[in-house]
Amino acid sequence: MARYLRAFIVLVSILTTHYSILSAQESTFKANGPDDYRDGVHAFINATLYKDYKTKIDNGILVIKDGKIIDAGAAVSIPLGAIVHDMKGKYIYPSFIDMYTDYGLPATPKVLTRNEDDGGVQYFSNLKGAYGWNQAIRSDYEAQKNFTVNEAAANDLRKQGFGTVLTHHRDGIARGTGAVVTLNNDKENKVVVKGTAAALYSFSKGTSTQEYPSSLMGSIALLRQTYLDAQWYKGQTDKREYNLSMEAWNSTQSLPQIFEAGNWQKELRADKIGKEFGVQYLLKGDGTEYRRIAEIKDTKAKIIVPVNFPKAYDVEDPYKALWVELDEMKHWELAPANAAALSKAGIDFALTTSDLEKKEDFLKNLRTAIRYGLSEESALKALTIAPAQFLNVQDQVGSLDRGKLANFIITSKPLVDEKCVINENWIQGKRFETNKFDPKDIRGEYSLAITNPKESFNYLSMKVQGEVTAPKGVIAIDTNKVEVKLVVKDNDVSLSFDPDKKKPGKFLLTGVVESNKSWKGKAQLPDGEWADWTATFIRSLPDTSKPPKPDTIDISKLSRVMYPFNSYGNEELPKTENVIIKNATVWTNEKDGVLKNADLVIKGGKISAVGYNLSCPDCQTIIATGKNVTSGIIDEHNHIAISEGVNEGSEASSSEVRIGDVVTSEDVNMYRQLSGGVTAAQLLHGSANPIGGQSALIKFRWGYAPEKLKIEGADGFIKFALGENVKQSNWGEKFTVRYPQSRMGVEQTYVNYFTKAREYEKAIKEGKNVRKDLMLDALVQILNKKRFITCHSYVQSEINMLMHVADSFGFKVNTFTHILEGYKVADKMKAHGANASTFSDWWAYKYEVIDAIPYNANILTRMGINTAINSDDAEMARRLNQEAAKTVKYGGTSEEDAWKMVTLNPAKMLHLDSHMGSLKAGKDADVVIWSDNPLSIYAVVERTYVDGICFYDKGKDAQKREYIKHERARLAQKMLDEKRVGAPTQDPAKKNNKAYSCGND
Amino acid sequence: MIKKLRVHLILVALISVANCPLSIAQSDVPVPAPKQTERICLKGGTVHIGNGTVIENAYVLFENGKVTDVFAATTIKTDATLGRIIDVTGKQIYPGVIAPNTVLGLSEIEAVRATNDQGEVGAINPDVRAVISYNTDSRVTPTVRSNGVLYAQVVPQGGRVSGTSSVVQLDAWNWEDAAVKADEGLFITWPNMYKVKGWWAEPEGYELNKEYDKGVQDLKDYFNEAKSYAYSTHEKKNLRFESMRKLFTDKENLYVRVDYVKEILNVITFAEEMGVNVVLIGGADSYMIADVLAQKKIPVILGRSHELPSYNDEDIQQPYKTPAILQKAGVLYALSINGFWQQRNLMFQAGTASAYGLSKEEALASITSNTAKILKLDDKIGTIEKGKAASFIISDGDLLDMRSSNISQAFIDGREINLDNKQKELYKKFSDKYFKK
C-alpha cells in the first residue's frame, strides 16, 4: 500500500483543484446540533475495474469523495487520509440504471376493465380542475412531486446491482414526467438526480373511468389528436381556454419521450405515431422484438426491454398441453435470445427489471440472456451508459468517470459468472452491503501442534479444504482421519475435534489467523485443562474444483422464427412465382365467361395471359385438368387481423379511429381464410356507433408485416352503422344514455356531424384559426368524395334515410353492408347508386332482421345493383364460395353472377376492380385453384396465390401440420426436462382466439 | 301395369302444380297438411335410402303414412297397386332430415327476450320439458322445412342440468300433434376444465378452472341421489328426480354437452359409474379418442362443423374432417348445428363432411339414419324403408350441395306438406313489385 502512495504522491497536488469543485456540501437544510460534514474519501485498490462498459482495468483504483468519483484507472493517486479498501480478486462496475420503474411512487394501478354491473357509463371526464377533456391524458403528472424514498424497494433493486432509476407513474396514455433518482437511502432532496427527466406514454388508459378510448385504435387516435390540440393550443395568442394538460404536454416535449408500447407490433405502431409528429420515441417493448428485428431496427428507436422469460409450461399431460400453442412454446425457448438479437442487429437498447415477477430474478435472467448470445459488453452497456445517455444523465451516471456520482458495485467474480455475487453497492458514496464478502481463504495444509503438560499432539497434518465460505478440516492421526469442525470469522478461528472414538471427548481450540497464514491460540481439553496450540501453514492445496464450463447455447438449434410467429407461419416469406396453369376451367369474370380447358399464366405478380394453348417456358407448370381456376375471393366485410378492439364505440362518431393502425399480421384466421380462397378483405370497424372508424383494405400476404398487408393506393373507406346496434338496443339496461337511442336520433346524428363538418371545412377554407379535428377531417373527406362509406344496415326506413342525408349533403353512400332489407328499397338504392354487400341467409338473430330473406342478393342483382356476399364471420369467410352458391339456390341466380358476388362485385365496390376481381392479363395475380366447381360444396382449395405468391398450398399445409406436431413434441420434451430438474412451470392456458363480428352483436 | 302408369303420368303434372302453390301473401304459417288418404307412388326418382343404399329409377310406395315398398323399376312387381303416381323422374328422394340438438320452435328472435323460451332459471332443471315451449306456429320452422328438415330434437338450454328434450315433426297444429317422441332424454352441460377470462369485447384467453373437480363431484352426488330415488318409492315426490327416473330404469338417453377431450373421458367414466346411456353433444375433440368411443359404443352428436378449430395449432379444417374420422373408427355419430334458423344449413355441413372424407351416402346418414339411431327412433324414421314413416323429401339435385339442393316436394307421414314460407312470400311480393309486367 505504501508503495502506491509513494508512487502517486506527486499527482495529488495537481488534482486537488478538481476536488474543490466536487466537494460542495452546501445544503439549505438546518442541522440539529453541530454540523456533521464528512468528506467520505475512499480508495478502492487492486480491483478489476470496469471504468465503463468496455474499459476493463486490471489492478485498478477507484477514488471517491463526497459521493462523487474523483478518479478511476490504473494510475490514480490515492489522497492522503483516504479510507483504503483492498479489492484484490474483486470486480468493480458502474452500478446499473433501470429506466423503466415506478420506484418510490404509488403502486402501478390496476387497469380498470369495464364491468357493466359496476355502474353507469361515463362519457365525460370527471376530473375536477383546469385539465383537458380526457382523463387518460395525465401529462400534468410529475413523478418528482410524488416521489418518496422506499427503502424496501430500493434494497430489492440494489441487490440486483442497480444504483439509479427513472421512475414514473404507470397510469394513463400520457403519463406526465419521470424523475431520475438514485437508490440511496437519504433525504429525497439528495436522491433526486434529475426531477424532470423524461415524458412517458402508453396505449393503456389505466385508471381512467371515461369511456373514450375503449380500444387500441382509440388510444392511437387520442394521442394523435392530442398532439394536434397541443400544437394548436400553443399557437393561441388569445387564450379562451387555460388547459393544464396542454400546458404540461407542451412543456415536456423537449424531454426524452418514452413510450411503453408492448409487443413488437405495438412498438411499430407507437413509432408510427411519433414519426407523424416529429417525435422519436424510446420504445419500451416486451421482449418479442426478435420476431421482426428488421422492422424494429427500421424504427431507429432506442428500445427498453425486460428480461422476463416465461416459465416452461407443465405439459406432462398431452391433453392439457393442447391449451398451449406453438407460438407460446417457441417464445419460451426464444425469449432469452431476444437481447442478443437486438444487440446483433445493432439496435441501441437498455435493459429493465420491469415486467419481472420477482426483481431477484434479474441477474439470473441477465446471465441467461448472456448464455443465449448477449455479450458481456452489450449487457453492461445496456445497463449503464445506454440508459444514462437515453435519459441525458450521462454526465452523472453510467460510468466511473471523474465527477459522476459514486455509484458502483463490487462483485466477487465477473458479472457473467453464475457464482458471482454483488457484495456491495455504493450509491452516492454510501455503502450498501448486499452480500457479505467471502471470508479469508484459509484453505491449505497445516501442521497442528497442541502442547500441554499431560499429553501432546505434535505436528499432526491437517488439511483444510472445500468452499472458501465453508472450509472443512481433516486431521490424520495415525491411519485415522478425524474431521475437524471449523468456524472462521474475520481473523477469528475456532476448531473442535474428537481424536479418539474409543475415548469420547472433544478438543476445543480457539485462536487467530496470523499474518503469516499460521494460526495460534488456546485449547481446552476434554478434562477442562488449557493448552497452547499452533497450526503452521505448510502449503496451499492444489485447486481441484473444475473450472465452470463455458455454458453457451447454440442459437442455431433453437426453434425458428416464423413469419408470422405462429403455428402456420413460414420460416421464410414466400416469393413471387412464375406459373402456368394448364387445361383448367377458368372463371374469368370477364366477357369470355368460363373457359373450359384453358390456360393461365402468372408472371411478376400479375396475370400475364389467359386463354388457350398458352406456353411459358420459364414458368412452373401446373396441370390442372379437372380443376377450376378463379380470381381470389374478396370479402367486403371482415373483422379478422385486428388488434385489441374492433369498436371504438364510446362516442356517436369515431371517424378519427383507423383500423389500419391496428392491423395484425399474426392472426391465424388469415391463413384459414386463404384455405378458402380468400385473398383480400375490407377490415371494418364494428357497428357500435352511427359513424364508426376508417377501414383497412388488405391482401392476405400471410407473414408479411402489418403495413405490407395493406393494399397500396386503395381508396379510403369508413364504417357507418344504423339500427339496433347504434341505438344500443341490445347492450343492456345501463346503455340508455348515449345519443341516439332511436332511428330518429340516428338521422339527426348524421345531419349534425355533417353540418359541423361542412362548417369546419368552410372555416378552414376561409383561413380562420381552426383547430384540426381528425374526426371532422374524415367527414370532410366523405363530403368531398375522398372517403367512402360502408354502412351496416338492415331496415328499409333507415336505408332510405341515409340515402336522403347523403343526397342532401351531395355525396353517395358507397355501400350498404348486410342490407338485409335492401330488396325492399332496391329501386331507391339503384337510383342513388349504392352498392350492396349482404349475407346469403342470416336472419332471426334480432328484431330488425325478421324480414331478411335469402333471395335478397338475387333481387338486388336483378335490379342492376352491384351486389356482394360478405362474411362478417371468421369461419364463414372461408366458405364464401358456398355462400355465393346459395344465391343460385335462392332465386336461381346464374353461376357466373353468383361467383362475381364474392370476387368482381366486391372489388368494384371497394374501387379495386381496375387491378383485382377478375382473371385478365395485367391484373394482380390473386388466383385460386379449386378441385371442383368453386360454387360446389365439394370444392376444396388446392392453391391460393396473392400477387403471384403462393400463400396456401394444400400439400404444404400437410407439411406444416407435421412441423407443428414435431416441433411441439420437441419443445414439450425440453420443457419436461426442465421440470425434471426442478425448474418452475406454469399451467397451460389458452390465448384468446378473437373472432369479431358486427352482424349479430 | 305399364299402361296404368302412363295414365297417371298426365295427372302428376297437374297435381304437383295444385299441391305446391306459391300462396299469395299469406301472413301466417302454412296450414298443416291433412292425413294421407290414398296410396301414393313416387316413380322414377333416385332413392337415397339413408343407410348407404341408392336405388335409381325407383318406385316408392306409401300408404297410411307408412312406406309400403321401395324397389327399382327393373324389379317392378306386376301385382303391386301403385295408387296415385307422382312422377319424380330425374329427381332425388331422401329421408327427411333430422335436426338434433336445436332450439327450433323454442326461440323466435335471438335478441328479443320475450321470444326466447329455451332456458329456465336455476342450474338444475331436469323436470322442464322443451316440448311445452315448442311453437308450431314459428315463422322460422317453414324456412327450415322447405330445405328438407322434417324432424327436430328440441332441447332446453342453460344451467348444469337443462331439462328434457323431445323429437318433433315440423308440420303440426300444436305441440301434442308435433311430438314424435316426447321427453326422450335429458340434456346436461359438463363442467368446463378451462374457463374464459376477460369480457366479451376483450377476451383474454382461458385458464384452468379450479372449480372443475367440485363441479363434477356435485354432478355425481346429484345423479347418485337421483339414481337412489329412481329405484324406490316415495311418500313425497321430488319432481326433478321423478323426471330422471327413466335414465336409470329405461336407459333413456343422457345427452352431455362436452367438447374437450379430457372432459369427454371424464364423462365416459361418469356414465359407467352411473350406469346411464350417454350421448356426447358437441364432441369437438371426439376424433382424438374415436377408437375409445367406438369400443365403448358411445354415440356423438357433433356440434356445428362449419366452425373454426378449437386450437390454433389444430388442423385448420379439423371440424370438417372430424365426421370422417368418427365414421372410419366405427363411432355412431350425427351432425347438428347450433341455434334454430341455422337448421336449414344442416345438410350443407354434411356436404362439407363429404368433401373432407365421407362418401355422400355416409354424409346423408349423418343427418338421417344415424341421427334416428342415436335418438332411438330408427324403427320409425331416418331411412326410406318398408314400415317406416313416409317422411321424405324430393330434391331437384344433390341435397348436400347448395348448387342444386332445391326441395320441390316433401312428405311427413305421407302428408304432402306445404313448402311455402314467409321468405318466399316476401320474395314474391317484391319480385312482383319490380319485375311483374
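User: Looking at the contacts in chain A with a separation of 6 or more, what share comes from residues 24 or more positions apart?

Analyst: That share is 67%. "Contact" here means that the C-beta atoms of two residues, placed from the backbone, lie within 7 Å. Before we go on, this is a predicted model, where local features need pLDDT of at least 70, side-chain atom pairs count only at pLDDT 80 or more, and totals for chains, interfaces and linings use all residues. Residues are numbered from 1 along each chain as its sequence is written, while chains are lettered from A and ligands numbered from 1 in the order in which they are written.

User: How many helices and strands does chain A have, and what counts as one?

Analyst: Chain A has 24 helices and 43 strands. They are DSSP runs numbered from the N terminus: H or I over at least four residues makes a helix, and E over at least two makes a strand. As for dimensions, the C-alpha atoms of chain A fill a box of roughly 125 × 75 × 55 Å along the principal axes.

User: How do you know whether Ile188(B) is buried or exposed?

Analyst: You count C-beta neighbours. A residue is buried if 20 or more other C-beta atoms (placed from the backbone) lie within 10 Å of its own, exposed if there are 12 or fewer, and partly exposed in between. Ile188(B) has 24 C-beta neighbours inside 10 Å, so it counts as buried. It sits in strand E9 (residues 179-189) of chain B. Leaving aside neighbours within four places in sequence, Ile188(B) touches Arg160(B), Val161(B), Ser162(B), Leu254(B) and Val256(B).

User: And what makes helix H12 of chain A "mostly covered"?

Analyst: Six of the eight residues of H12(A) (residues 376-383) are buried. They are Ser378(A), Ala379(A), Leu380(A), Lys381(A), Ala382(A) and Leu383(A). Over the whole of chain A, buried residues make up 51% of the 1001 residues.

User: What makes strand E34 of chain A covered on both faces?

Analyst: In E34(A) (residues 696-699), Ala696(A) and Ile698(A) are buried on one side, and Leu697(A) and Lys699(A) are buried on the other. In general, side chains in a regular strand alternate between the two faces of the sheet.

User: How do you know which way E32(A) and E34(A) pair, parallel or antiparallel?

Analyst: Two strands pair if DSSP finds at least two bridges between them. Strand E32 (residues 678-683) of chain A and E34(A) have four, in the antiparallel sense. As one bridge, Ala680(A) is partnered with Lys699(A) in E34(A). Elsewhere, strand E35 (residues 716-721) and strand E36 (residues 787-793) of chain A pair in the parallel sense over six bridges, with Gly716(A) standing opposite Arg787(A).

User: Why is H5(B) described by a particular angle word relative to H6(B)?

Analyst: The axes of helix H5 (residues 212-230) and helix H6 (residues 239-249) of chain B come within 8 Å and cross at roughly 80°. That makes H5(B) roughly perpendicular to H6(B). The labels go like this: under 35 degrees is roughly parallel, over 145 roughly antiparallel, 65 to 115 roughly perpendicular, and the rest oblique. Those axes are lines fitted to C-alpha atoms, for helices over the stretch in contact, with angles running from 0 to 180 degrees between N-to-C directions.

User: How does the contact of H5(B) with H6(B) divide by class?

Analyst: There are six nonpolar residues, one polar and two charged. Nonpolar covers Ala, Val, Leu, Ile, Met, Phe, Trp, Tyr, Cys and Pro, charged covers Asp, Glu, Lys and Arg, and the others, Gly among them, are polar. Among those meeting across the contact are Tyr229(B) in H5(B) and Phe248(B) in H6(B).

User: What are the domains of chain B, and where do their bounds come from?

Analyst: Bounds come from an automatic or database domain assignment. For chain B it gives domain 1 (2-96 + 416-435) and domain 2 (97-381). Their C-alpha centres lie 32 Å apart, and the contact takes 18 residues from domain 1 and 20 residues from domain 2.

User: Last one: how many residues does each chain bring to the contact between A and B?

Analyst: Chain A brings 55 residues and chain B brings 45 residues. On the side of chain A, the largest share, five residues, comes from H21(A).
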